[in-house]
Amino acid sequence: MAVKDFIRERFFPHIWCPGCGHGIVLNSLLRAVESLGMSKNEIVMVSGIGCSSRISGYLDFHTLHTIHGRALAFATGVKLSRPELNLIVPMGDGDALAIGGNHFIHAARRNIDLTAIVMNNRIYGMTGGQFSPLSGCGVMATTAPFATVDAGFDVVELARAAGATFVARSTAYHVQQLTKLLRDAILHEGFSVVEVLTQCPTYFGRRNKMGGAVEMLKWFKENTTPVGSKAKAENPALIERGIFVQKEMPEYCKAYDQVIERAQKGKK
Amino acid sequence: MEDEIASMCAIIGASLTGHKVMTATSGPGFSLKQEALGYAVMAEIPCVVVNVQRGGPSTGNPTHVAQGDVMQARWGTHGDHAIVTLTASNHQDVFAMTVEAFNIAETYRTPVILLFDEVVGHMREKLVIPEPGEIPLVERLRTSVPGGVDYHPYLPREDGRLPMSDFGGVHRYNVTGLFHDMWGFPSDNPGVVHGLMRHLVDKIENNAGQLARYKEFELQDADTVLVSYGSAARSALHVVRNRRARGEKIGLLELQTLWPFPAAVVREKCARARSVVVVEMNTGQVMREVKAAVNNPENVFLANRIDGTLITPTDIRNILRLIQGRGV
């Protein structure tokens, strides 16, 4: 199936600004899904609120565009009631880890089989460039005209600590790697997290004098390195890309089915 | 789930796969559910939300009785909308109203709130569980459009109903909390917004008569009508039985549907009454609705209690004595 067969052309043009990284993530995601040969009827995409969350409406899956921060909670309801479906949950950084931070750590703790994609542009783009919990310290934003003073989350470390059984990171520049990571995440049985560093030239780039989309993509190229590389040892400021956690643990829906079985023993 | 917000969201997700769903909470948890409740209104997702009322606002008076959430049930989520809310005064009716709530949720594609209170929630009493089939069950209306043919998830039929298609089935469509067109795709077109708002409100408000559930006791010749609901109605019924035994013309209208407010029923049942006393455990949330419904609002009085204890027959009798000019 061609990538374009996954798109609802009726709903275009999309809302994203020129140079936005979300379209690159969308492209990578569709190539990952295509390579898996899954039926569109088996895929449910659940998203929250924000630029990144509009991704669901453009795709020809079962799509649920919900409320701010709660996509993983809605997705949990879908998955628990129909465990055979594949759940993909694209979120922005504010959506996933500010208002939605609680649902994020609890979904990870349960190890429910959802694929969470954190499209991290370090800013609230849709609402005008407010700083997010992933902006990090010393970042300029509409709501931080003299730079932020609060530290950011490290998505990878947070997901790992909360119990996610697949954790990976890539960027909008490294599309081949991103496609492979998204594919692995979808195939993984359990809670998987893929953080994608993506550019918002409109707000983050402009406010922080990072140049346009091309310069921001170059920044991803120059400031990231594969996990465990020699470059990282020499320059600890580099951001690592790749798979950080990949392990087998009991999956929540399966464990829950066993509870039902135990509870109904001898009653049917 | 991790909190009340998450459980409200999860049941909406589960409902979309074709299951009947509910969540239950009390007081603050009901406040937390409000945003997602509005989502279920907007996206027309059948679901049932139980709120066993306790004293509020805030943490308030946990495990003590109150009926202060009547207006929150009506207007708790932001934005103009319609909602269905049922209540009950005893366990047999809690059972019946819960089944009703699911039937209404499926029929009208709406969240239905079951607004009980602490007394009904904590007490123990006899319950006869009916045989399967004794109470009619409404199953979800599903589309007959075959796979491969365009299915419009938000295009109402002539009767206003919207057949659904389960997530995971042959029809893939978009569900959103934004105003949306017949495809379920976001739209801010004024015509689309107006049409959807009218649809969401009219499908409930235009059926207020069909949604009205109530019980009546000794209303045939009553010149004093008590209007009550939930556990307060138990004390009201006690007063009616005692006073009838002494020859007083007094009756009780027990409301089981609170929203849409059964104004026509209240107006009709109170038409001959010289005084109407609303018995409730708040500062008059239903009383104001009753005043708006009846022909003579100056004859509507309030017998209430707001201290976390069940209103007693004596409390109601004291108000009746005041109205009748007999002093306390």
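This is a predicted model: local features need pLDDT of at least 70, side-chain atom pairs count only at pLDDT 80 or more; totals for chains, interfaces and linings use all residues.
**View 1. Strands from chain A and chain B pair with each other.** Strand 2 of chain A and strand 5 of chain B, which covers residues 174–176, run in the parallel sense and are joined over three bridges. One residue pair to look for is A:Leu64, whose bridge partner in strand 5 of chain B is B:Val175.

**View 2. The contact between chain A and chain B.** Chain A brings 27 residues to this contact, and chain B brings 27 residues as well. On the side of chain A that touches chain B, the elements giving two or more residues are strand 2 (62–65), helix 2 (71–81) and helix 4 (101–110) of chain A. Helix 2 of chain A provides the largest share of that side, with eight residues. Sorted by class, the side of chain A that touches chain B holds eleven nonpolar, twelve polar and four charged residues.

**View 3. An open sheet of five strands in chain B.** The strands of this sheet follow the order 6-8-7-10-11, and their pairing is mixed. At the edges lie strand 6 (214–217) and strand 11 (300–304) of chain B, each of which pairs on one side only. On average, and with direction ignored, neighbouring strands of the sheet are turned by 20° against each other. Within the sheet, strand 7 (residues 224–228) and strand 10 (residues 275–280) of chain B run parallel and are joined by five bridges, and B:Val227 stands opposite B:Val278 of strand 10.

**View 4. Two helices of chain B beside these strands.** Helix 8 (residues 232–245) of chain B packs on the sheet, where it touches strand 6, strand 7, strand 8 (250–255) and strand 10 of chain B, and its direction makes about 160° with that of strand 8. Helix 10 (residues 285–293) of chain B lies across strand 7, strand 10 and strand 11 of chain B, and it runs at about 155° to strand 10.

**View 5. Domain 1 and domain 2 of chain B in contact.** Chain B is divided into domain 1, residues 1–206, and domain 2, residues 216–323, and the centres of these domains, taken over C-alpha atoms, are separated by 29 Å. In the contact, 28 residues of domain 1 of chain B meet 20 residues of domain 2 of chain B. The largest share of the domain 1 side, four residues, comes from helix 3 of chain B, and the residues of that side divide into 16 nonpolar, eight polar and four charged.

Conventions
Residues are numbered from 1 along each chain as its sequence is written. Chains are lettered from A and ligands numbered from 1 in the order in which they are written. Two strands pair if DSSP finds at least two bridges between them. Axes are lines fitted to C-alpha atoms, for helices over the stretch in contact, and angles run from 0 to 180 degrees between N-to-C directions. Two residues are in contact if their C-beta atoms, placed from the backbone, lie within 7 Å. Ala, Val, Leu, Ile, Met, Phe, Trp, Tyr, Cys and Pro count as nonpolar, Asp, Glu, Lys and Arg as charged, and the others, Gly among them, as polar. Domain bounds come from an automatic or database domain assignment.
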